[in-house]
Structures are given as C-alpha cells and as structure tokens.
Amino acid sequence: MQCGYFERHECRSCTFMGRAYAEQLAGKDRAARAGLAEAVGDSAWREPFASRESQFRNKAKLVVGGTPGAVTLGILDGDRRGVDLRRCGLHEPVVAQAIPVLADWIDDLRLLPYDVAKRRGELKHVHVTGSPAEELMVRVVLRGDSQAQRVRDGLEDLQAALPHLRVATVNYLPEHVALLEGDDEEVLTPARTLAMDLGRLTLHLGPRSFFQTNTAVAVGLYEQARDWVAEQAPASLLDLYCGVGGFGLFAATLPDAPTVLGVEVSADAVASARHTAESLRDSGTATNRVEFRCGDAGSELPDAECVVVNPPRRGVGDELCAAIESSNAATLIYSSCNPTTLARDLAELPTFAVTDARLFDMFPQTPHAEVVVRATR
Ligand SMILES: C[S@@+](CC[C@H](N)C(=O)[O-])C[C@H]1O[C@@H](n2cnc3c(N)ncnc32)[C@H](O)[C@@H]1O
C-alpha cells in the first residue's frame with residue numbers, strides 16, 4: 001500500500017507503510033514468536049490471521065483543526081496545527097466517504113475548531129464508526145455547550161447528506177487534556193446503538209464502548225476463541241475486560257454453551273453487552289445464563305471453568321494473575337494487543353501451559369497486532 005500523506009511526511013503513524021503486506025505479516029508473526037518464546041513453544045503457533053491491508057478500520061477518530069469554514073479532519077502536527085487526513089486509506093469505504101461530508105457540514109455550521117495551543121475554540125474531535133451494514137455512528141466532541149445547539153440544529157442536514165447515519169451524538173470534553181472523549185454524551189438520534197452484524201450475532205455498540213478497530217479480524221478472533229471454548233466444553237466462562245461482550249457472547253451461541261459472566265469497567269459497554277444478550281435470548285440464539293457486570297476485573301474473581309481475558313495494553317497484572325493461578329479455572333484464553341505484557345503475565349501463571357497461539361493482524365501497516373493464546377493446566 002502507498003500513502004501520499006506518509007510520503008509527504010504529513011502523517012507517519014503507519015510505520016510499515018510501503019512494505020509488502022505478506023512481509024509485514026510474516027515479520028509480526030516472527031516478532032510475536034520471539035517475544036513469547038519463554039511461554040509459547042513452536043508447536044503451539046497457528047497460521048497468522050491476515051487482514052485486508054487497506055480499508056479495514058471501522059472507525060476514524062479525527063482531530064479537528066483549521067478555521068471556521070475551512071476545517072481539517074485528521075491529526076495535529078508538531079506545532080499543534082491541524083493536518084487534514086480525509087483521504088486516509090485505512091478506513092472502511094463507508095467511513096472514508098463520510099469524512100469529507102462531515103467536513104463540509106462542519107464548515108457550513110461554522111463550528112469553531114479547538115485550538116490546542118491557545119486553549120480556545122469548541123470543536124475538538126469527530127469520531128465516525130461504520131458497521132458491516134454500512135450504517136454510521138457520528139460523535140461530535142465539543143468543549144462545552146456554546147455551539148451544541150448548532151450541531152442539534154444541523155442534524156437534519158447531516159442525515160440528508162449521510163442517509164445511513166444511525167446514531168449521532170455530542171460528547172463533551174471540557175478539560176484541556178489529551179483525551180479523545182469526555183464522560184458526558186448527548187444522543188441526538190432516536191437510535192442509541194449501532195448494530196454490528198458479525199455473522200453469527202449482532203453486537204449493539206453504544207457511543208462510549210470500546211470495539212475492536214478491524215471488524216473482519218475481530219470476527220476471526222471471536223470465532224477462534226469460540227472454537228477453543230467448544231473444544232474445552234466448560235460449564236462456565238468468565239469474560240474479563242469484556243467490552244461490549246464479543247468473546248462471551250460468541251461463546252454463548254455454542255450448542256453446549258457455558259454460562260457466561262462478563263466484567264467490564266465501562267458502564268456504557270456493559271449496557272451494550274446486556275442489550276446484545278437480551279436480543280440473543282429473545283431470538284433463542286443464546287439460551288443459557290449470560291450476565292454482564294460493571295466493575296474492576298481485578299477486584300474479585302468469580303469462579304469459572306474457563307477464563308477469557310482481553311485487557312488493555314498494560315496487561316492483567318500480578319494480582320489478577322495470582323487470583324487466576326489460585327482459582328479452579330481449567331482453561332485460560334488470553335487475547336492481548338501487547339506481547340510484552342502478555343509474556344510478563346504468562347510468566348506469572350506457571351500452572352498454565354500454552355497449547356495454542358495465533359496472531360491476528362488487527363492493525364496492518366503498523367508493528368502492532370493482537371495475539372491470542374489458549375492455556376490449560
Ligand atoms: C482491549 S479492550 C477489550 C474489549 C472486548 N474484550 C472486546 O473484544 O471488544 C479492553 C477493555 O477493558 C476495559 N477495562 C479497562 N480496565 C478495566 C478494569 N480494570 N476492569 C474491567 N475492565 C477494564 C476497557 O474499558 C475495554 O473495554
């Protein structure tokens with residue numbers, strides 16, 4: 001893949017840009033095997049799961065820069081000025097096509113971009129998520145409510161310009177902080193969730209809920225974990241750091257499904273997971289007990305025969321590793337976006353032996369990837 005933004009040094013995020021995709025994938029697989037050599041033997045590794053090399057990102061998190069009537073949507077440069085990346089080739093077509101439409105709409109509304117250096121202005125970011133059915137969720141991140149009415153008033157125009165717009169929100173981030181969103185969300189549309197049809201089931205994604213950035217690879221990952229759960233046939237499964245519930249809910253659709261308990265710190269993600277669980281129950285797709293709790297995954301470890309963990313980059317940490325180690329869990333499925341913390345955590349779980357490992361290329365054009373392992377006692 002080639003990228004003009006990269007070649008002109010306007011955006012250097014994709015550090016593997018210009019390398020043949022097969023070479024990228026093989027290099028990441030080698031790096032993962034080397035980084036996990038202590039914990040994962042050669043025979044455990046499966047073929048890496050490849051991605052499309054472009055147009056794979058289901059979401060764009062765009063920093064707004066420029067001036068009213070001439071905004072940039074992309075990133076900030078070293079001087080904290082906006083760099084427009086509206087033709088970034090990583091985004092799925094439905095997201096890519098929406099970005100220039102959003103830029104025009106913002107220009108028409110004369111919204112005032114937030115100037116990070118001067119700490120002035122209102123419009124900080126725009127988040128766009130696309131679903132497999134090509135519906136959209138658009139979230140406009142404002143500093144305060146002084147221009148929120150313009151956004152509300154402009155909703156009809158936006159819906160006319162983006163007929164597949166399903167969810168539109170205003171998110172408020174009043175603090176001057178390096179975050180992409182705040183805690184307060186105003187939903188402007190009747191629909192509050194975006195339906196992500198993942199084949200086996202449809203996840204319902206609320207505005208402030210993490211979802212894996214690469215839908216096709218996420219489906220591969222959930223299917224892989226589901227296959228392993230099917231082979232282990234546990235009676236109960238604990239999905240820690242469950243987000244909107246992908247791992248647990250896929251397992252809940254097995255013919256001999258375990259009972260599922262998901263634990264997640266984000267209340268919005270838990271609400272999304274519960275929504276999906278309810279629709280699976282209503283349709284008869286998941287008949288066993290499926291429950292989601294809002295809380296800290298590290299605070300207590302409910303009993304389960306199979307534990308799935310999918311933590312943020314910092315990993316699971318000593319305490320939770322010790323709790324898993326001393327639990328009755330027979331199987332651990334650990335999905336990680338950081339091989340360093342995965343290796344560290346596996347070293348803290350000496351009674352588990354990794355039987356299978358696989359790299360999922362969630363983030364082509366970068367050195368990052370997801371690695372999932374199955375470990376049994
Ligand atoms: C890598 S995401 C995984 C989400 C989910 N498993 C999925 O497949 O989409 C990590 C999740 O952990 C959540 N999280 C972070 N710290 C947590 C904690 N201490 N306890 C529970 N969940 C936490 C985040 O909100 C996020 O949803």
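**Figure 1. Tyr334 lies in strand β14 (residues 331-336).** Helices (H or I, at least four residues) and strands (E, at least two) are DSSP runs, numbered from the N terminus. The model is a predicted one, in which local features need pLDDT of at least 70, side-chain atom pairs count only at pLDDT 80 or more, and totals for chains, interfaces and linings use all residues. Residue numbers start from 1 along each chain as its sequence is written. Tyr334 is buried, with 25 other C-beta atoms within 10 Å. A residue counts as buried if 20 or more other C-beta atoms lie within 10 Å of its own, as exposed if 12 or fewer do, and as partly exposed in between, with C-beta atoms placed from the backbone. Apart from neighbours within four places in sequence, Tyr334 is in contact with Val309, Leu342, Val372, Val373 and Ala375. Contact means that the C-beta atoms of two residues, placed from the backbone, lie within 7 Å. The C-alpha atoms of Tyr334 and Ser131 are separated by 26 Å, the two residues being 203 residues apart along the chain.

**Figure 2. Cys337 sits in the loop between β14 and α9 (339-347).** UniProt, in an unreviewed entry, places the feature "active site" at Cys337. UniProt positions are given in the numbering used here, feature names are shortened, and annotations may be inferred rather than shown by experiment. Cys337 counts as partly exposed because it has 19 C-beta neighbours inside 10 Å. Leaving out neighbours within four places in sequence, the contacts of Cys337 are Arg313, His368 and Glu370.

**Figure 3. Tyr241 occupies the loop between β10 (236-240) and α6 (246-252).** The unreviewed UniProt entry places the feature "binding site" at Gln212, Tyr241, Glu264 and Asn310. Tyr241 has a positive phi of about 60°, although it is not a glycine. It counts as buried, with 22 C-beta neighbours inside 10 Å. With neighbours within four places in sequence left aside, Tyr241 is in contact with Glu264, Ala297, Val309, Asn310 and Pro311. Two of these partners, Glu264 and Asn310, also carry the "binding site" feature in the UniProt record.

**Figure 4. Asn310 is placed in the loop between β13 (306-309) and α8 (318-325).** Is this residue, Asn310, buried or exposed? Asn310 is buried, since 25 other C-beta atoms lie within 10 Å. Beyond its neighbours within four places in sequence, Asn310 is in contact with Tyr241, Phe247 and Ser335.

**Figure 5. The shell around the ligand has 20 residues.** The closest are Phe210, Tyr241, Gly243, Ala297 and Asn310. A residue is near a molecule if its C-beta atom, placed from the backbone, lies within 6 Å of it. At least two residues of the shell come from each of α6 and β11 (259-264). By class, twelve residues of the shell are nonpolar, six are polar and two are charged. In this scheme Ala, Val, Leu, Ile, Met, Phe, Trp, Tyr, Cys and Pro count as nonpolar, Asp, Glu, Lys and Arg as charged, and the others, Gly among them, as polar.

**Figure 6. Glu134 lies in the loop between β4 and β5 (136-142).** Glu134 is partly exposed, with 14 other C-beta atoms within 10 Å. Its contacts, apart from neighbours within four places in sequence, are Val94 and His164. Glu134 and His164 are 30 residues apart along the chain, and 6.9 Å separates their C-alpha atoms.

**Figure 7. Arg119 is located in the loop between α3 (93-109) and β4 (123-130).** Arg119 counts as exposed because it has 9 C-beta neighbours inside 10 Å.

**Figure 8. The domain assignment of the chain gives domain 1 (20-53 + 214-376) and domain 2 (59-191).** The domain bounds come from an automatic or database domain assignment. Taken over C-alpha atoms, the centres of domain 1 and domain 2 are 32 Å apart. The chain has nine helices and 16 strands. Its radius of gyration is 21 Å, close to the 21 Å that the globule rule gives for 377 residues, so the chain is as compact as a globular protein of that length. The radius is taken over C-alpha atoms, and the globule rule is 2.2 Å times the number of residues to the power 0.38. The C-alpha trace spans about 60 × 45 × 35 Å along its principal axes. Of the 377 residues, 47% count as buried. Among contacts with a separation of 6 or more, 67% join residues 24 or more positions apart.
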